[in-house]
Amino acid sequence: MDTASSAKRAIEPDKIGTSTPPRLYAALAGTLGAAVALAIGEFIDGASTAIPSLVTSAGDWVIDSAPGAVERQAIETLGTNDKPALVIGTIIISLLIGAAAGRGGRRDHRIPALVFAVFGLFGWWFLARNPLTTSGASWLVALVAAAGGFATYRLLYAVAQFNEDRVTEARVTDTPINPAATRRSFFGWGGGALATAAALAGIGRSLRGRARVDQAREEIVIDTSTDVVTVSSGIDNLDDIEGISSYITDSTGNNFYRIDSALSIPQVDPDTWTLRITGLVDNPVEFTLADIQAMDLEDHVVTISCVSNDIGAGLVGNALWTGVPLTKLLEIAGVQNEATQLVGRSVDGWTAGFPPEILGDGRTALLAIGMNGEPLPVRHGFPARLVVAGIYGYVSATKWISEINLTRWEDFDGYWIPRGWSKKGPIKTSSRIDVPRRGTELVAGPQAIAGVAWAPTRGIAKVEVRIDEGDWQEARLGEVVSDETWAQWMLEWDATPGDHVLQVRATDGNGELQALGPKSVAPDGAEGWHAVPVRVA
Ligand SMILES: Nc1nc2c(c(=O)[nH]1)N[C@H]1C(S)=C(S)[C@@H](COP(=O)(O)O)O[C@H]1N2
Ligand SMILES: [Mo]
């Protein structure tokens, strides 16, 4: 900078005695302030079960306010592992806002003060609207986070006031500037802020309710009369065919599909969990987990599926569910005649409804507490969920359920209905080729074509396969325990060299052929016969 302009600036009276940090340092101060604010939120999330994380609450709001199609896409493409992309996106946006606020502070100190205050207000609002928040202290959390973030920013701003130009001016005017402001002290304090943020977030994560709930879950024993091995070995299943979906889907780890709108999986304490039955009932009741465990539990193998399952896709699974028949609970509550809708509500506010009259046909409908002989995995709804055979999950399978509300059909719409999905969701007859996989190179000779087909509660009567639009050949069906489960199927094929397309279609227990479609998943489930291209060498 030339002396003339320095001299000009030196006489601006309000600048005397002040020094402005370089842009980069001001931005860094704001970024680190935002990081500390977010980390305080993570820490409180871990330390308290009553207050969820600021970051995931903000992300939940994004999911809730996204239009149906965008959300559907996000849930599918971001996968179901706590939607890390959304969490990372929320963090990055917060840090960028912090950087902008820090830079703005070079012009006017009120800018960062205002930005951190607004950050606190939004934080409070995100927390307060999150149904997982069970304490009124959201405002306190938001205040502490915003104040901690702003204090961090101010401290770093102060030690970043080493802009050489201004130092010169200050000397000229003989006014003391911040003598502690050096690059070295900025990096010292900045590193300290970063370490503090990392430590707070790290401690929060490790303290998180997750560990506690996992432990409580492990102490629960599901009193089943059967187990997965007995179920599978009791029937002539096709599990031995390489690459076929096993009759019972493994529910450990991430093997069983998971679909939900929850950004972080609800952590429900089984000791304080209750299920209330409310609405159009004669005796509103509330059950604890111990109440449910003390009832006569039933075991049923049921295939559940997501309405978003595209032709040939994997959002479907078959499990042994243990629980109390819904009809028994409804009997205790005394359902009134006007009740034409049963709405399940989850601890996170998600809802799904179906007409209770469908239970009259004797289908399996459980308040399930066990899956494949174990307590429900946390991601599949621990400690209790609904499982209703024959209708898609979005209208029935409420996980982490806290309330069953009886109402009228026209008086309430479940979570996905206003987002463009059909209010009724019977599962369509579907079939899938598991082996060979799309695009595999096969060797000529005998080759098993195999997969699964499902049409709960109608059952699968027939599965047919054709090669290159040839004649339909009837596949062999594996034995099933009921019409509420999928059926494995297989066809021996003498593979001949060349490119081939394999196709499958199923006929349900009513003799109805699977719809040819093709039709996409919205609004009530996909239709179409799965086709797989293969190359035989
Ligand atoms: N609380 C809650 N329960 C829910 C959902 C949800 O978003 N939140 N999604 C439903 C949908 S769309 C499906 S397909 C099934 C999936 O059950 P799973 O994740 O155990 O496979 O859960 C249902 N239960
Ligand atoms: Mo679903």
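How many helices and strands does the secondary structure of the protein come to? I get 13 helices and 19 strands, taking both as DSSP runs numbered from the N terminus (helices are H or I with at least four residues, strands are E with at least two).

**Ground rules.** I'm working with a predicted model, where local features need pLDDT of at least 70, side-chain atom pairs count only at pLDDT 80 or more, and totals for chains, interfaces and linings use all residues. Residues are numbered from 1 along each chain as its sequence is written, chains are lettered from A and ligands numbered from 1 in written order, and side-chain values use heavy atoms, leaving out hydrogens and water.

**Confidence.** I looked up pLDDT, the predictor's confidence in each residue from 0 to 100. The mean is 89, and 92% of the residues reach 70 or more. Residues 1–17 fall below 50, and beyond near neighbours in sequence they have 15 contacts in the model (a contact is heavy atoms within 4.5 Å). Residues 166–176 also stay under 50, with 17 contacts beyond four places in sequence.

**Overall.** I put the C-alpha atoms in a box along the principal axes and got roughly 95 × 65 × 40 Å. Of the 537 residues, 53% count as buried (buried is under 20% relative accessible area, exposed is over 50%, partly exposed is in between, with a 1.4 Å probe and protein chains only).

**Helix H2.** I checked residues 23–47: H2 has 25 residues and reaches 36 Å from first C-alpha to last, close to the 36 Å expected (1.5 Å times one less than the number of residues). H2 is mostly covered, with 19 of its 25 residues buried.

**Nonpolar patch.** I found a surface patch whose members include Trp61, Val62, Trp125 and Trp139, with about 1,200 Å² of accessible area together. Areas come from Shrake-Rupley with a 1.4 Å probe, and for residues only the protein chains shown count as cover. Patch residues have over 30% relative accessible area and no salt bridge; nonpolar side chains (Val, Leu, Ile, Met, Phe, Trp, Tyr) are joined within 5 Å, like charges within 9 Å. A salt bridge is a Lys or Arg side-chain nitrogen within 4 Å of an Asp or Glu carboxyl oxygen.

Which helix gives the most to the patch? H6 does, with six residues. H3 (54–65), H6 (110–129) and H7 (138–159) each supply at least two.

**Val62 and Ala66.** Valine 62 is in H3 and counts as partly exposed because its relative accessibility is 36%. Alanine 66 is in the loop between H3 and H4 (68–77) and is buried, at 17%.
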